[in-house]
Amino acid sequence: MGPYTSHIHIDVNNHQIQLINSVQQQQRNIKTNMEKIQHKNIKVNGINMHVAEIGEGPAVLFVHGFPELWYTWRHQMLFLSSKGYRAIAPDLRGYGDTEAPPSTTSYTALHIVGDLVCLLDSLGLDKVYLVGHDWGAIISWYFCQFRPDRIKALVNMSVVYFPRGPSKPVERMRQVYGDDFYVCRFQEIGWEEEFAKVDTKRLLASFYFKRNPSPPMMPKDFADRFNPPPYTLPSWFTEEDLDYFASKYRATGFTGPFNYYRCFDLNWEVSAAWTGSKIRVPVKFIVGDIDLLYNVPGVKEYIDGSGFKEKVPGLEQVVVMEGVGHFINQEKPQEINNHIYDFITNF
């Protein structure tokens, strides 16, 4: 019995070593390929925008969310460029290496979509495939409302399309979740200074690796109460990844990103002309079942029932991934790569 047991342990250990070596090799390959991504600054809509780009062929425009950067799309950019596509991922205004206008009101959906339209013009692109996540998904829905003529097809993640309602959204959120709800807390000018009291890496890790789909709450004394355990890197994220995000947020702070939330109500005002409009471009929607935004009351019913399809007539596919959290394109990169590729090849 002893020799067989010993032999099994050797096989298991060898298998573990092979897995570790395989992961390390993949990470080395990613790092090597990442060096092929080109970076440039382009003047768009009155600001300097940092743009990452790789590949040649039909263009795919990636729109990131909070608290992220162009870098969130690294896996998708490398994959699609290897499949004959031109992958383009900017830092949105107020993020990373893109300029951050000082005015709070300079971050409406009209501004952000305007930046992206100007970017396409600067790159000589008439129409693109659009891919969005989180705030990038919100902006992508607006993009398809404002300028559907520039979009071939949309792959959106995490945030469903809700049509413009009869009242301002922040007040409705406050009534449901209270003042400590993160969107409500972000409305307070200067509250980003509270964020700055917390170690940036631990703060970002608490966002990225969150598995609890409950609504994020942030009391006024957030910095004093924030005491997460030391983070443990999941298999899909490296220390180098976290260092990159943290270095950019340390340099720029959170004012630009918070201003997107501060324009929630202003977006409601400036989009009044599109009340009742529907999304008619071809759409694929992907969400994880432990994404906090999928677990907002009523969202599952909206997706499963007729509501989502009614408001988005172009909706062709909905994918709910089991056991997957909010940062879906980073957590399940190969699956998301395949979902995007399989969809856009139809158009």
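Trainee: Where is Ser 106 found?
Mentor: Ser 106 sits in the loop between strand 4 (86-90) and helix 3 (109-122). Helices (H or I, at least four residues) and strands (E, at least two) are DSSP runs, numbered from the N terminus. This is a predicted model, where local features need pLDDT of at least 70, side-chain atom pairs count only at pLDDT 80 or more, and totals for chains, interfaces and linings use all residues. Residues are numbered from 1 along each chain as its sequence is written, and side-chain values use heavy atoms, with hydrogens and water left out.

Trainee: Is Ser 106 buried or exposed?
Mentor: Buried, at a relative accessible area of 15%. The cut-offs are under 20% for buried, over 50% for exposed and partly exposed in between (1.4 Å probe, protein chains only).

Trainee: And what does Ser 106 touch?
Mentor: Arg 93, Pro 101 and His 111, not counting residues up to four places away in sequence. Contact means heavy atoms within 4.5 Å.

Trainee: New topic: at what angle do helix 2 and helix 16 cross?
Mentor: Roughly 50 degrees, and the axes of helix 2 (residues 74-82) and helix 16 (residues 333-344) come within 9 Å. Axes are lines fitted to C-alpha atoms, for helices over the stretch in contact, and angles run from 0 to 180 degrees between N-to-C directions.

Trainee: Which residues in helix 2 meet helix 16?
Mentor: His 75, Gln 76, Phe 79 and Leu 80 do, and their partners in helix 16 include Ile 336, Tyr 341 and Ile 344.
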